[in-house]
Amino acid sequence: MKYLPGIIFLIVSFFNLTITDVFSHGPTRQKLKESITINAKPEDVWNLIKDFGKIDIWHPSISKVESDGKTRTIYYSPRKNTAIKQKLENYSDEKMMYKTSITEVDIKFFPVNTYTANISVKGNEDGTSTVLWKAAFYRAYVNNDPPPELNEAAAIKAVKEFFQSGLNNLKKKLEN
């Protein structure tokens, strides 16, 4: 009987910790897909985007690229010319696709973490092409209760803005 208050305290403490762990959560993995149909042959589209180190020739928001063919640093102008270091993870000229990952970024300007993306070109029956750009990532802030500039919405907005400006300009370049 003299141990009962101590046992009750331990039980209540255990349930309190367990319930807190169950109801708290960190970031969730986000997925984003953007695509565009371009009135051009897939080979022509692929020839413009296939060089990992020359994204600046078709993406209007990239002011500069430094690349050795396997890694690149892009300077993203809408976000204070922030440097985004990327690695080429997979490349297939035959499938007209490549996969990248971000290895280093200033999260204040591009608020993502554990980011990978694929860009690919597919031919359509009518002679046009579809470019699909998809990414998987987490928000930059890995703990609970992120500030607004580092939450899921901010991460999705940054990636969507990046994809859309690139795809829209790609279409413009190839259809003019």
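I take helices (H or I, at least four residues) and strands (E, at least two) as DSSP runs, numbered from the N terminus. I keep to that reading throughout these notes.

**Entry: ground rules**

I am working on a predicted model, in which local features need pLDDT of at least 70 and side-chain atom pairs count only at pLDDT 80 or more, while totals for chains, interfaces and linings use all residues. I number residues from 1 along each chain as its sequence is written, and side-chain values use heavy atoms, with hydrogens and water left out.

**Entry: the whole protein**

I looked up the elements and found three helices and seven strands. Read from the N terminus, their order is α-β-α-β-β-β-β-β-β-α.

I then looked up burial. I call a residue buried under 20% relative accessible area, exposed over 50%, and partly exposed in between (1.4 Å probe, protein chains only). Of the 176 residues in the protein, 38% are buried.

I looked up the accessible surface, computed by the Shrake-Rupley method with a 1.4 Å probe; for residues, only the protein chains shown count as cover. The surface comes to about 10500 Å², and carbon and sulfur atoms hold 54% of that.

For contacts I use heavy atoms within 4.5 Å. Among contacts with a separation of 6 or more, 56% are between residues 24 or more positions apart.

**Entry: helix H3 and what it faces**

I started with Ala153, which is placed in helix H3. Ala153 counts as exposed because its relative accessibility is 53%.

From Gln164 to Ile36 I noted 8.9 Å, C-alpha to C-alpha, across 128 residues in sequence.

**Entry: salt bridges**

I count a salt bridge when a side-chain nitrogen of Lys or Arg is within 4 Å of a carboxyl oxygen of Asp or Glu. That rule gives seven salt bridges.

One of them joins Glu34 to Lys160, with 3.6 Å between the closest N and O atoms. This pair links distant parts of the chain, as Glu34 is in strand E1 (residues 30–38) and Lys160 is in helix H3, 126 residues apart. Glu34 counts as buried because its relative accessibility is 13%. Lys160 has a relative accessible area of 34%, so this residue is partly exposed.

I looked up another salt bridge, between Asp51 and Lys54, where the closest N and O atoms are 3.9 Å apart. Asp51 is partly exposed at 35% relative accessibility, and Lys54 is partly exposed at 43%.

Asp106 and Lys108 also meet through their side chains in a salt bridge (3.9 Å, N to O). Here Asp106 is partly exposed at 30% relative accessibility, whereas Lys108 is exposed with a relative accessible area of 61%.

Ser92 is in strand E4. I list Ser92 as buried because its relative accessibility is 17%. With neighbours within four places in sequence left aside, Ser92 is in contact with Trp46 and Met97.

Lys95 sits in the loop between strand E4 (82–92) and strand E5 (97–105). Its relative accessible area is 54%, so Lys95 is exposed.

Lys95 also belongs to a surface patch of positive charge, together with Arg29, Lys31, Lys33, Lys122 and Lys134. Patches are made of residues with over 30% relative accessible area and no salt bridge, like charges being joined within 9 Å and nonpolar side chains (Val, Leu, Ile, Met, Phe, Trp, Tyr) within 5 Å. I count Lys and Arg as positive and Asp and Glu as negative, leaving out His and the chain ends. The place of a charge is NZ of Lys, CZ of Arg, CG of Asp or CD of Glu.

**Entry: positive phi**

I looked for positive phi values in residues other than glycine. Thr114 has phi near 50° and is found in strand E6 (residues 112–123). Thr114 counts as exposed because its relative accessibility is 54%.

Asp145 has phi near 55°, again positive in a residue other than glycine. Asp145 lies in the loop between strand E7 (129–139) and helix H3 (152–175). With a relative accessible area of 70%, Asp145 is exposed.
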